[in-house]
Amino acid sequence: MDRIGVSEAKARLSELVAKAERGREITITRNGKAVARLVPAAKARGKSPNAAVIGRIAAFSKTLEVKGRVNIRELIEDGRA
């Protein structure tokens with residue numbers, strides 16, 4: 001993984017994007033501290049910290065059955081109570 005300062009990253013953005021396209025991860029730093037990462041798009045989607053939770057919610061929602069009509073406004077008000 002490459003590390004590069006913000007100013008240099010601005011000046012070399014096209015080159016850094018090309019590296020990311022080839023699979024490299026670039027860490028962008030400010031005053032020596034990591035502040036951002038440039039990663040390949042496919043890799044970024046797969047590494048979502050929320051992906052596991054979203055998957056569990058999606059699986060759970062498939063087990064629910066709704067009978068009759070649902071009034072969204074009533075659900076919202078019930079949630080506020």
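A residue is called buried under 20% relative accessible area, exposed over 50%, and partly exposed in between (1.4 Å probe, protein chains only). By this scale Glu 15, with a relative accessible area of 37%, is partly exposed. The structure is a predicted model, in which local features need pLDDT of at least 70 and side-chain atom pairs count only at pLDDT 80 or more, while totals for chains, interfaces and linings use all residues. Residues are numbered from 1 along each chain as its sequence is written, and side-chain values use heavy atoms, with hydrogens and water left out.

A nonpolar core is a set of buried Ala, Val, Leu, Ile, Met, Phe, Trp, Tyr and Cys residues joined through side-chain atoms within 4.5 Å. The largest such core consists of six residues, namely Ile 4, Ala 9, Leu 16, Ala 20, Ile 26 and Ile 28. Two or more of these residues come from each of α2 (13-21) and β2 (26-30); helices (H or I, at least four residues) and strands (E, at least two) are DSSP runs, numbered from the N terminus. Apart from its neighbours within four places in sequence, Ile 4 is in contact (heavy atoms within 4.5 Å) with residues including Ala 9, Leu 16, Ile 26 and Ile 28. The contacts of Ile 4 also include Arg 12, Thr 27 and Thr 29.

Strand β2 is antiparallel to β3 (residues 33-38), and five bridges join the two; strands pair if DSSP finds at least two bridges between them. The core residue Ile 26 has Leu 38 as its bridge partner in β3. Two residues lie between β2 and β3, which form a hairpin, and Asn 31 in the turn has a positive phi of about 55 degrees.

A salt bridge is a side-chain nitrogen of Lys or Arg within 4 Å of a carboxyl oxygen of Asp or Glu. Six salt bridges are counted by this rule. One of them joins Asp 2 to Arg 24, with 2.4 Å between the closest N and O atoms. This pair links distant parts of the chain, 22 residues apart: Asp 2 is in strand β1 (residues 2-5), and Arg 24 is in the loop between α2 and β2. Arg 24 is partly exposed, at 37%.

Another salt bridge joins Arg 12 and Glu 15, at 2.7 Å from N to O. Arg 12, with a relative accessible area of 26%, is partly exposed. The side chains of Arg 80 and Glu 77 also form a salt bridge, at 3.2 Å from N to O. These two residues are three apart in helix α5 (residues 72-80), so about one helical turn separates them. Arg 80 is exposed, at 61% relative accessibility, whereas Glu 77 is partly exposed, at 39%.
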